[in-house]
Amino acid sequence: MDIKACIFDLDGVIVDTAVYHYKAWKRLANEMGFDFTEQQNEQLKGVSRMASLDLILGWGNITHKTPEEKEHLAGQKNEWYTQMISQMTPAEILPGAREFVQSCRDAGLKTAIGSASKNTPTILNKLQLTSLFDAVIDGNSVSKPKPDPEVFLKGAGAVGIAPAACVVFEDAIAGIEAAINGGMKAIGIGSADTLTQANMVVSGLDKMTLNMLEDL
Ligand code: B16
Ligand code: MG
């Protein structure tokens, strides 16, 4: 097989934290006097914390926040969010995720996480998954957001595999673009109608087998 490393996005691929992000952003929006819908939350998947805040402030027609005020607002949201994720358990791992990552390791493939989330270490710890990954690259170690390939290129570098021999698993359009921009293969997790640039799309890691990597 040509693939030697599998790099996984975290939110939407290994675990679904969207509901916690949604609750925390909604509370913040409500305290500023406007509402925040689940449809708007969909648009924040894979988007960094500060970029998410900018979008939300725009939806609420709030245009006058200083950088310091924005830091404070994002920090407030993150406090509520981290309170919720501190209660997470391995039961929240998405179906088939642990099994597929383990099967990659058993086959001798390298495994890495490539996530925009600065809370990645906490989430992996709560899910008891930290030891399943050879490298973890997250929002704490990258400066350019997806679709820039930085997060995945750093992941490939950390496990010592050339980008062309890496496959990325992603649920967000910008993440698929980041993988392609980095010269990697991309497997979409979700709907083929949305993730049109992916080399292959499955509904979840429970639908993945190692044999499918041969077809990329
Ligand atoms: P944090 P991913 C992303 O994770 C989430 O999809 C996105 O909704 C969130 O805003 C972003 O992480 C930053 O998260 O506030 O924890 O740093 O999909 O790239 O694993
Ligand atoms: Mg994601």
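**Reading a ligand site and a metal site**

Modeller: Let's start at a contact: an oxygen atom of ligand 1 lies 2.8 Å from a polar backbone atom of A116. Keep in mind that this is a predicted model.

Colleague: Okay. Which other residues have polar atoms facing an oxygen atom of ligand 1?

Modeller: For V47, a polar backbone atom is 2.6 Å from an oxygen atom of ligand 1. With K146 the side chain takes part, an N or O atom there being 3.2 Å from a ligand oxygen.

Colleague: How much of ligand 1 does the protein cover?

Modeller: On its own, ligand 1 has 470 Å² of accessible area, and the protein covers 97% of that. The space ligand 1 takes is the largest pocket.

Colleague: And what kinds of residues make up the shell around ligand 1?

Modeller: Five are nonpolar, six polar and six charged. From the 17 residues around ligand 1, the ones that come nearest are V47, S115, S117, K118 and N119.

Colleague: Now the metal. Which protein atoms are donors to the magnesium ion, ligand 2?

Modeller: Look for N, O and S atoms within 2.8 Å of the metal. Here, the donors are D9 (OD), D11 (O) and D171 (OD), at 2.0 to 2.2 Å from the magnesium ion. Along the chain their spacing reads D-x1-D-x159-D.

Colleague: Are D9 and D11 buried or exposed?

Modeller: Buried, both of them.

Conventions:
Residues numbered from 1 in each chain as written. Chains lettered and ligands numbered in written order. Predicted model: local features only at pLDDT ≥ 70, side-chain atom pairs only at ≥ 80, totals over all residues. Heavy atoms only, no water. Donors = N, O, S within 2.8 Å, 3.2 Å for Na, K, Ca; no water. Buried < 20%, exposed > 50% of the residue type's maximum accessible area, 1.4 Å probe, protein only. Near = heavy atom within 4 Å. Polar contact = N/O pair within 3.5 Å; in protein donor to acceptor, adjacent residues only side chain to side chain. Areas by Shrake-Rupley, 256 points an atom, 1.4 Å probe, with all protein chains shown as cover. 1 Å grid on protein atoms, 1.4 Å probe; cavity = no way out; pocket = protein on both sides within 12 Å on 5 of 7 lines; lining within 4 Å. Sits in = over half its atoms within 2 Å of the grid points. Nonpolar A, V, L, I, M, F, W, Y, C, P; charged D, E, K, R; others polar.
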